[in-house]
Amino acid sequence: MLFASAKKLYDCRSRVAHGGTLVPTRINGREMTGPEIAEYACTALKDVIARFLADGATPPYVDPDYWPGLYFA
């Protein structure tokens, strides 16, 4: 679901960046207008930043054993 949401947001960004207009878009099962999409994108970005800043200078995901451990958990 996270990947699908990120892809929808990126598609909206691309549409505007390439001169198109933003149309209502369904994200997470909810039809959103341009301002709602912008608010959702800001909230999602804040959540991601907060998640990664919480780990400080030595986040666990930089450990070489972190990702393989998740792949085979």
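This is a short talk through a predicted model, taking its helices, salt bridges, aromatic pair and a surface patch in turn.

Hi everyone, a word on the ground rules before we start. Residues are numbered from 1 along each chain as its sequence is written, and side-chain values use heavy atoms, with hydrogens and water left out. Since the model is predicted, local features need pLDDT of at least 70 and side-chain atom pairs count only at pLDDT 80 or more, while totals for chains, interfaces and linings use all residues.

Let's begin with helix α1, residues 2–17. Helices here are DSSP runs of H or I with at least four residues, strands are runs of E with at least two, and both are numbered from the N terminus. Helix α1 has 16 residues and spans 22 Å from first C-alpha to last. That is close to the 22 Å expected at 1.5 Å a residue, where the expected span is 1.5 Å times one less than the number of residues.

Which residues of α1 are buried? They are Ser 5, Leu 9, Cys 12 and Ser 14. By buried I mean under 20% relative accessible area; exposed is over 50%, and partly exposed is in between, with a 1.4 Å probe and protein chains only. Those buried residues pack against β1 (25–27) and α2, with contact meaning heavy atoms within 4.5 Å. Just after α1, please look at Gly 19, which takes a positive phi of about 90 degrees.

Now for the charges. Side chains of opposite charge can pair when their charged atoms come close. How many salt bridges does a search of the whole structure find? Three, counting a side-chain nitrogen of Lys or Arg within 4 Å of a carboxyl oxygen of Asp or Glu.

Lys 7 is partly exposed at 44%, and Asp 11 is partly exposed at 37%.

Next, Glu 31 meets Arg 26 at 3.6 Å, N to O. Glu 31 has 40% relative accessibility and Arg 26 has 45%, so each counts as partly exposed. Then there is Arg 30 with Glu 36, whose closest N and O atoms are 3.2 Å apart. Arg 30 is partly exposed at 45%, and so is Glu 36, at 29%.

On to the aromatics. The whole structure holds one aromatic pair. Tyr 66 and Trp 67 form it, edge-to-face, at 4.9 Å centre to centre with 90 degrees between the planes. For a pair, ring centres of Phe, Tyr and Trp (its six-membered ring) lie within 6.5 Å; planes under 30 degrees apart are stacked, over 60 edge-to-face, and the rest tilted. Tyr 66 is partly exposed at 26%, as is Trp 67 at 41%.

Last stop, helix α2, residues 34–53. Ile 49 lies in this helix and is partly exposed at 43%. Together with Leu 45 and Leu 53, Ile 49 makes a nonpolar surface patch of about 320 Å² accessible area. Patch members have over 30% relative accessible area and no salt bridge; like charges are joined within 9 Å, and nonpolar side chains (Val, Leu, Ile, Met, Phe, Trp, Tyr) within 5 Å. The areas come from the Shrake-Rupley method with a 1.4 Å probe, and for residues only the protein chains shown count as cover.

Ala 41 is also in α2, partly exposed at 29%.
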